Amino acid sequence: MPAIIPLKQGSLHINWQKELAQAFTSPEQLLAHLAIDPAPWQAGFAARRLFVMRVPRPFADKMVKGDANDPLLRQVLPLSDEFNEVAGFVKDPLDEHDSALPGLLHKYRSRVLLVVRGGCAINCRYCFRRHFPYAENSPDQAGWQAALAYIAAHPEINEVILSGGDPLMAKDEHLARLFNDLAAIPHLKRLRIHTRLPVVIPARLTDELRELLSHNRLQAVLVLHINHANELDDDLSLRLNSWRQADITLLNQSVLLAGVNDNAQTLCDLSERLFSAGILPYYLHQLDKVTGAAHFAVDDNKAKALMAELLAELPGFLVPKLVREIGGEANKTPIDLGLEPDFS
Ligand code: SF4
């Protein structure tokens with residue numbers, strides 16, 4: 001029986017797995033829910049064949065009814081643009097097939113990335129892993145033991161990044177075992193979780209999960225993925241508040257997306273809303289050039305101009321770093337803004 005969290009007056013702790021099971025998988029149903037005429041969008045519905053559509057209802061409820069250009073809707077609605085073959089856009093833009101073991105990527109000297117679960121609660125149309133072969137990279141029980149043994153045998157590793165898909169798709173019982181096994185490796189210091197699940201189903205932030213992390217020896221960092229201020233409503237902010245109070249560091253990374261957040265006011269509003277909820281803006285990613293997502297790309301000159309506006313408008317600690325990932329490179333590459341540093 002899940003615990004009851006006193007959030008909005010009268011609201012009970014909702015079972016996140018039930019919300020997951022009730023996600024929209026059909027564009028027709030989602031558009032009907034939003035009172036949007038499907039006719040102009042019909043041709044794009046076939047793009048579900050390229051990448052399944054999945055939109056949890058709590059995320060759909062943050063969209064503006066009747067607005068076909070809603071920035072949250074644009075992130076999830078299959079469009080005919082996804083069939084465009086564009087030079088430079090490839091199936092595996094980060095060249096991630098070269099893993100140390102199934103489900104374990106050792107790209108950085110001191111950090112490893114562990115694929116905990118293949119799937120996500122939401123399928124973002126711009127996702128760089130939309131073609132990733134999760135079936136070959138989701139370890140079974142023996143695979144877990146091999147991954148833990150690898151980490152234990154590499155004393156230079158001090159941080160484990162749980163990734164996916166979305167690692168919070170795993171049940172709390174499963175995560176509890178994993179957290180304990182990782183805490184038993186003495187050279188590890190930090191446990192980082194990259195997730196979008198609480199943004200699309202806030203009920204995933206269970207008390208149990210928070211307690212597991214706050215009682216673990218490893219310092220916990222939750223890196224959320226929020227692209228627009230409308231994704232961060234009062235319900236999510238309230239839930240995150242208790243995580244912050246449990247000494248869990250909250251960071252955010254966004255992707256710069258045409259038609260979603262590619263203007264300075266939208267990005268300023270996002271940083272302000274994040275900080276109000278106790279989350280620090282961390283990275284703003286240039287789009288990874290994955291096949292089917294070229295219509296989301298923002299060119300570097302525009303990205304740099306936006307960053308200049310953010311630097312003029314916001315205190316430095318609210319300006320995320322503009323970065324891109326380059327396939328085969330160990331680290332994210334900061335994009336040179338060509339500006340004099342200002343440490344305000
Ligand atoms: S949550 Fe992240 S990994 Fe999952 S579909 Fe969206 S961008 Fe991709």
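User: Is Glu 159 buried or exposed, and at what relative accessibility?

Analyst: Burial is read from relative accessible area, where buried means under 20%, exposed over 50% and partly exposed in between, with a 1.4 Å probe and protein chains only. Because its relative accessibility is 5%, Glu 159 counts as buried. Please keep in mind that this is a predicted model, in which local features need pLDDT of at least 70 and side-chain atom pairs count only at pLDDT 80 or more, while totals for chains, interfaces and linings use all residues. Residues are numbered from 1 along each chain as its sequence is written, and side-chain values use heavy atoms, with hydrogens and water left out.

User: Which residue does the side chain of Glu 159 meet in a salt bridge?

Analyst: A salt bridge here is a side-chain nitrogen of Lys or Arg within 4 Å of a carboxyl oxygen of Asp or Glu. By that criterion Glu 159 pairs with Arg 190, at 2.7 Å from N to O. The pair links distant parts of the chain, since Glu 159 belongs to strand E3 (residues 159-163) and Arg 190 to strand E4 (residues 190-195), 31 residues apart. Helices (H or I, at least four residues) and strands (E, at least two) are DSSP runs, numbered from the N terminus.

User: How many salt bridges does a search of the whole structure find?

Analyst: The search finds 12. One of them joins Arg 204 to Asp 172, with the closest N and O atoms 2.7 Å apart. Arg 204 sits in the loop between helix H8 (197-200) and helix H9 (207-214), and Asp 172 in helix H7 (residues 172-183), so this pair ties together parts that are 32 residues apart in sequence. Both Arg 204 and Asp 172 are buried. There is also a network of salt bridges that links Glu 82, Arg 125 and Arg 130.

User: Where do Arg 239 and Asp 235 lie, and how many residues apart are they?

Analyst: As a general idea, an α-helix has 3.6 residues a turn, so residues three or four places apart point the same way. In this structure both Arg 239 and Asp 235 lie in helix H10 (residues 234-245), 4 residues apart, about one turn of the helix. They form a salt bridge whose closest N and O atoms are 3.0 Å apart. Arg 239 is buried, with a relative accessible area of 4%, and Asp 235 is buried as well, at 14%.

User: What span should the 13 residues of helix H11 have?

Analyst: The expected span of a helix is 1.5 Å times one less than its number of residues. For H11 (residues 264-276) this gives 18 Å, and the end C-alpha atoms are 18 Å apart, which agrees. At the start of H11, a side-chain oxygen of Asn 263 comes to within 3.2 Å of the backbone nitrogen of Gln 265. After the helix comes Gly 278, whose phi is positive, near 80 degrees.

User: Which residues of H11 are buried, and what covers them?

Analyst: Those buried in H11 are Ala 264, Thr 266, Leu 267, Cys 268, Leu 270, Ser 271 and Leu 274. Their cover includes strand E6 (249-255), strand E7 (280-285) and helix H12 (300-313).

User: How many helices and strands does the protein chain have?

Analyst: The protein chain has 12 helices and 9 strands. Buried residues make up 54% of its 344 residues.

Notes. Contact = heavy atoms within 4.5 Å. Polar contact = N/O pair within 3.5 Å; in protein donor to acceptor, adjacent residues only side chain to side chain.
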